[in-house]
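Let us read this structure feature by feature.

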Amino acid sequence: MAPTEYNSPHISRRGLMLVLSSPSGAGKTTIAHGLLARDSVITNSISVTTRPARPGETDGIDYFFIDQERFDRMAETGDLLEHARVFGNCYGTPRGAVENALAAGRDVLFAIDWQGAQQLAQNARDDLVSVFVLPPSASELERRLRDRGQDSAEVIANRMAKASNEISHWAEYDYVVVNQDVEESVTAVESILRAERLRRRRQAGLPQFVQSIQATL
Ligand SMILES: Nc1ncnc2c1ncn2[C@@H]1O[C@H](COP(=O)(O)OP(=O)(O)OP(=O)(O)O)[C@@H](O)[C@H]1O
Ligand SMILES: Nc1nc2c(ncn2[C@@H]2O[C@H](COP(=O)(O)O)[C@@H](O)[C@H]2O)c(=O)[nH]1
């Protein structure tokens, strides 16, 4: 169990799962990195993918890059908490790392698509906090994908063509953040995380804490 940080270190709570989804290029990975740099209790879920690594990406840090055979085996044996086919490749969340982190009292951060968010919600709605990240405009979304400089024109066109469908899921999320300015977006998500940690139902140690105060009154 993690401490509540903002209440008393004596009040334990369950870890939570914070999901960021968005159309490709809106900035969820950037926001995730910003949050991880600011908050030491949350840990990143590193997905497996059959997509080839981009220049600059590192196996085991950005993703675990695996082949289709291994992915299919992980999916079949239940080693993936959720998985989905996105833009022609397979992506999934390794179950063990998430369960170990939650058991150790850490919160876990996911940058995954709407299909994955739906699967997590089916299995652990109470422990899930979901945030949909919108771009300020369609033209800015395309500019970000182009300026990232990591995908071919064909891949970018495919992702732009699917952006409207991705965005159509925005209302399934608990929160929506328009990512205009990175620092402001990180602060918005950090505020969500802080408030969600204080939800009464997550603070398992609250009844004992209240009792201990009442006992001395
Ligand atoms: N608020 C912002 N203003 C300007 N540029 C941004 C902003 N947020 C992110 N970017 C830039 O936009 C590009 C896409 O961001 P990022 O890779 O975080 O998107 P993503 O939603 O994780 O995409 P994908 O789903 O493809 O992984 C990056 O080059 C990033 O530096
Ligand atoms: N359902 C899942 N979706 C995932 C996961 N990891 C990433 N993603 C989604 O894939 C797209 C494309 O990612 P990219 O790195 O190729 O740009 C991204 O927008 C995410 O939404 C996952 O584990 N499960």
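**Reading the annotated loop and its surroundings**

The UniProt annotation "binding site", from an unreviewed entry, covers S22, P23, S24, G25, A26, G27, K28 and T29. The model is predicted.

Q: Where do G25 and A26 of that stretch lie?
A: G25 is in the loop between β3 (17-21) and α1. A26 is in the loop between β3 and α1 too.

Q: Is G25 buried or exposed?
A: Count neighbours. A residue is buried if 20 or more other C-beta atoms lie within 10 Å of its own. G25 has 23 other C-beta atoms within 10 Å, so G25 is buried.

Q: And A26, buried or exposed?
A: Apply the cut-off again. A26 is buried because 27 other C-beta atoms lie within 10 Å.

Q: How do I read a ligand shell, and which residues are closest to ligand 1?
A: Start with the count, then the closest names. Ligand 1 is surrounded by 16 residues, and S24, G27, T29, T30 and R144 are the closest. Next, ask which elements contribute. α1 (28-38) and α5 (138-148) each give at least two residues to this shell. Last, sort by class. The shell around ligand 1 has three nonpolar, eight polar and five charged residues.

Q: Which residues are closest to ligand 2?
A: Take the steps in order again. There are 15 residues around ligand 2, with S47, Y91, I112, D113 and G116 the closest. Two or more residues of this shell come from each of β7 (80-86), β8 (89-94) and α4 (114-124). By class, five are nonpolar, seven polar and three charged.

Q: How many residues are in the largest nonpolar core?
A: The largest nonpolar core has 33 residues, and L18, V19, L20, F110 and V131 have the most contacts inside it. Take L18. Beyond residues up to four places away in sequence, L18 touches I42, D107, L109, V129 and L193.

Q: How many helices and strands are there?
A: The protein chain has eight helices and 11 strands. Of its 217 residues, 30% count as buried. Contacts can be sorted by separation in sequence. Among those between residues at least 6 apart, 70% join residues at least 24 apart.

Q: What does the radius of gyration tell me?
A: Compare it with a rule for globules. A compact globule of 217 residues would have a radius near 17 Å; the protein chain has 19 Å, which agrees. Along the principal axes, its C-alpha atoms fill a box of roughly 70 × 40 × 30 Å.

Conventions:
Residues are numbered from 1 along each chain as its sequence is written. Chains are lettered from A and ligands numbered from 1 in the order in which they are written. This is a predicted model: local features need pLDDT of at least 70, side-chain atom pairs count only at pLDDT 80 or more; totals for chains, interfaces and linings use all residues. A residue is near a molecule or strand if its C-beta atom, placed from the backbone, lies within 6 Å of it. Helices (H or I, at least four residues) and strands (E, at least two) are DSSP runs, numbered from the N terminus. Ala, Val, Leu, Ile, Met, Phe, Trp, Tyr, Cys and Pro count as nonpolar, Asp, Glu, Lys and Arg as charged, and the others, Gly among them, as polar. UniProt positions are given in the numbering used here, feature names are shortened, and annotations may be inferred rather than shown by experiment. A residue is buried if 20 or more other C-beta atoms lie within 10 Å of its own, exposed if 12 or fewer, and partly exposed in between; C-beta atoms are placed from the backbone. A nonpolar core is a set of buried Ala, Val, Leu, Ile, Met, Phe, Trp, Tyr and Cys residues joined through C-beta atoms within 7 Å. Two residues are in contact if their C-beta atoms, placed from the backbone, lie within 7 Å. The radius of gyration is taken over C-alpha atoms; the globule rule is 2.2 Å times the number of residues to the power 0.38.
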